[in-house]
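Q: I have a new structure to look at and would like to learn how to read its features. Could we go through it step by step?

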Amino acid sequence: MGKQIPPPIDGTLRKFSLRVPSVIYGCSGILVFGKRIKSLVFSTDLAIIRNVNADAVLAVYPFTPQPIITQSLLSASDIPVFTGIGGGLTKGMNVVKLALFAELQGATGVVVNAPTEPDTIAKVAENIDIPVVATVVNDCGDYHDKIKSGASILNVSAALNTPELVKKIRTAYPEIAIMATGGPTDESIERTIEAGANAITWTPPSSADIFREIMAAYRENREHP
């Protein structure tokens, strides 16, 4: 007889929240400090982070990383946070210093941008005890150097080419941990998982998009969606 799963428990006020696509649960997950991570929400919006059922947060943003932003994310989040430490505009020892700050603040892992030099990745890996996540955006082969330099996890974000790139990396490195963007549909997520991704990063709708639907209902005197 199979184990019976009890019905989900949701409060009246908090039942309205974001849910990652259930197809993501088909991946193997990545074990980090004893916690299995299958889904990562790609967001720095604290309201989104507090109202989503993802396993972790991928907190990267298009500005120079700042410890105060990392601290705010870590203080508000009730799930592990992988935070960006630069590697594009922010280079060299600044990246290493930001990695040290992030570890001391409580981040679960640090994420370096695609242009990050292998030497910088190596210095980061030597100085912290949390995983270094290296971003890969195309099939130029630089993932070889990223892995050799000490990246524990690859973050593959190659738009429509993501499944093909994940498959190529998985063939070359059967044991490397890979998180990857899943795309907009269940089918695209499944293709990415089948290609070899261990975890999926999911981009949620913005707060503005969610509010748009709620306000439309209120204007028509309908209840909260």
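Predicted model: local features only at pLDDT ≥ 70, side-chain atom pairs only at ≥ 80, totals over all residues.

Q: With which residue does E220 form a salt bridge?
A: Here is the general idea: side chains of opposite charge can pair when their charged atoms come close. In this structure, E220 pairs with R222, and their closest N and O atoms are 2.8 Å apart. R222 is partly exposed, with a relative accessible area of 44%.

Q: Where does R222 lie, and with which residues is R222 in contact, leaving aside its neighbours within four places in sequence?
A: R222 belongs to the segment after α8. Once those sequence neighbours are set aside, R222 is in contact with A216 and A217. For a sense of distance, take L89, which is 133 residues from R222 along the chain: the two C-alpha atoms are separated by 47 Å.

Q: How many salt bridges does the count come to?
A: The count comes to 5 salt bridges. One of them joins D139 and K168, with the closest N and O atoms 3.0 Å apart. D139 sits in the loop between β7 and α5 while K168 sits in helix α6, so this pair ties together parts that are 29 residues apart in sequence. D139 is partly exposed at 46% relative accessibility, and K168 is partly exposed at 42%.

Q: What about K146 and D142: how far apart are their closest N and O atoms?
A: Those atoms are 3.5 Å apart, and the two residues form a salt bridge. Look at the surroundings of each partner, too. K146 is buried, at 2% relative accessibility, whereas D142 is partly exposed at 22%.

Q: How do I read an aromatic pair, and how many are there by the count?
A: A pair of aromatic rings is described by the distance of the centres and the angle of the planes. The count here comes to 1 aromatic pair. The partners are Y143 and Y173, with ring centres 6.4 Å apart and planes at 85 degrees, so the pair is edge-to-face. Y143 lies in helix α5 (residues 143-148) and Y173 in the loop between α6 and β9, so the pair ties together parts that are 30 residues apart in sequence. Y143 is buried, at 2% relative accessibility.

Q: Which residues of α4 are buried?
A: A rule about helices is handy when you look at this one: an α-helix has 3.6 residues a turn, so residues three or four places apart point the same way. In α4, the buried residues are T120, I121, A122 and V124. They pack against α3, β6, β7 and α5. Take T120 as an example: its relative accessible area is 10%, so T120 is buried. Apart from neighbours within four places in sequence, T120 is in contact with G92 and V95.

Q: Which residues form a nonpolar patch on the surface?
A: That patch is made by F211, M215 and Y218, which together have about 300 Å² of accessible area. M215 is part of helix α8, residues 207-219, and is partly exposed at 31% relative accessibility.

Conventions
Residues numbered from 1 in each chain as written. Heavy atoms only, no water. Patch = residues over 30% accessible without salt bridge, like charges linked within 9 Å, V, L, I, M, F, W, Y side chains within 5 Å. Areas by Shrake-Rupley, 256 points an atom, 1.4 Å probe, with all protein chains shown as cover. Salt bridge = Lys/Arg side-chain N within 4 Å of Asp/Glu carboxyl O. Helix = DSSP H or I, 4+ residues; strand = E, 2+ residues; numbered from the N terminus. Buried < 20%, exposed > 50% of the residue type's maximum accessible area, 1.4 Å probe, protein only. Contact = heavy atoms within 4.5 Å. Phe/Tyr/Trp six-rings, centres within 6.5 Å; stacked < 30°, edge-to-face > 60°.
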